[in-house]
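Open the structure in your viewer and keep a selection tool ready. The tour below goes from one selection to the next.

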Amino acid sequence: MTLKTTRRTVLRTGAAGLALGLAAPAYLRAQGAPLKIGHLTPTTGFLGPLGEYAQMGIKLAVEHINANGGAGGRQVELIMEDSVNPQTASTKAERMFERDQVDFIIGEISSASCLTISQVAARYGKCFINTGGNSDSLRGADCNRYMFHVETQNSMYVNAEGEYFDAQGMVDGKNWYTLSADYAFGHDLLSAAKAFLDANGGVLVGDDLVPTDATDFSSYLLKIRQAEPDVVALNLAGTQITNFFKQYGEFGLDFTLGGFGFDTVSAWAAGAQNFRGTWPNVWNHLVQNDASQAFVQAFSTAYGKPPENQAWGDYNAGLIMAQAVTAAGEAGGDALVAYLESPEAQFDLMKSRKGYFRPSDHQLIQEIYAITALPAGEAQNEWDIFTTSDPVPAADEPLERLATSVTGGTCSF
């Protein structure tokens, strides 16, 4: 698809491929009551930049679904709100189910908010599709029969990134220093990182929890300089990572830098001069296949910039649920759960292999990637400031390989 492709053409033709076979026959179009999708995600605070991409992703998904006949012949109506924090997220989720009569909720980035939304959804017997919360416990001790996870979990990211560092000889016998966001996501990611280091001979010489509203990292950077670790690993989120990147360069530190969870918006906000290291990533705009690049083109046409991985998550969640409603013939929670857990529920995720929800914990099993910062002088523009790896696991390896060693307890629906 060339850059001359128009928005109208994308909606009329390209979206047919993007919609993953969702389009209903013409005679079913606009039949029945609208399918109401609630969307909750933080658009303020340190996760706000991610939330903005999430909203752009779900809006584009709804546009494409409706342009291709809707979900099971039903046009989609989207109701979006800023989830703000876990308490507000719970209140707004209840209002969406009670007042707005949404059929299910998509979204979120904060793992803590995912938990409160899922508890509300379970009370109403409705589905919640998590597109950004990484915590292993959401797939473990805090799992929920009505909660499904498009975003990959922390342990999958840790295992993928850990394998990369291990292959570089940077784990066994090496000293690591970690900074972790002081909330559910960071705590959970740190637990997974410690488990990986313990199992593979890594030595944790420093470990600090960072408040989510922290903007000055100088005290942490002084401690890192004194510790002289082999690897500095970040378990941070949102604007925390961007601020760290900028100050890390200002301090002139050159320890190997990486982390166990990452969103490309942090790289873009830091800029080519400050972004460095190798990071795990659920998807990025450089993934080269027809569906992926058609999505990049459609998103860029709509919003004037390439999609971030959070936009990918919310966009695909919309398509997945439209496919589920079409296949189940209804939008009731139990019917959707039955389909999403079934062997027939396979999803084209703009990757080499289709993904599926693991019935035991509702994690979407899929490939992920590693992105590596380019030297600043090699960046072509403000977006293409890193390279992407081939899919992980490799084509000849089981798709579940990265998800077999996880933390967070055992799921029991």
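Buried means under 20% relative accessible area, exposed over 50%, and partly exposed in between, with a 1.4 Å probe and protein chains only. This is a predicted model, in which local features need pLDDT of at least 70, side-chain atom pairs count only at pLDDT 80 or more, and totals for chains, interfaces and linings use all residues. Residues are numbered from 1 along each chain as its sequence is written, and side-chain values use heavy atoms, leaving out hydrogens and water.

Select Y53 and F299 to begin: both are buried. For F299 the relative accessible area is 0%.

Now look at the rings. Rings of Phe, Tyr and Trp (its six-membered ring) pair if their centres lie within 6.5 Å; planes under 30 degrees apart count as stacked, over 60 as edge-to-face and the rest as tilted. The structure holds 24 aromatic pairs. In the pair of Y53 and F299 the centres are 6.3 Å apart and the planes at 15 degrees, so this pair is stacked. Y53 belongs to helix α2 (residues 48-67) and F299 to helix α10 (residues 290-303), so the pair ties together parts 246 residues apart in sequence. Helices here are DSSP runs (H or I, at least four residues), numbered from the N terminus.

F299 and Y303 form a tilted pair, 4.7 Å centre to centre with 55 degrees between the planes. Both lie in helix α10, four residues apart, about one turn of the helix. Y303 counts as partly exposed, at 26% relative accessibility.

Notes
Helices (H or I, at least four residues) and strands (E, at least two) are DSSP runs, numbered from the N terminus.
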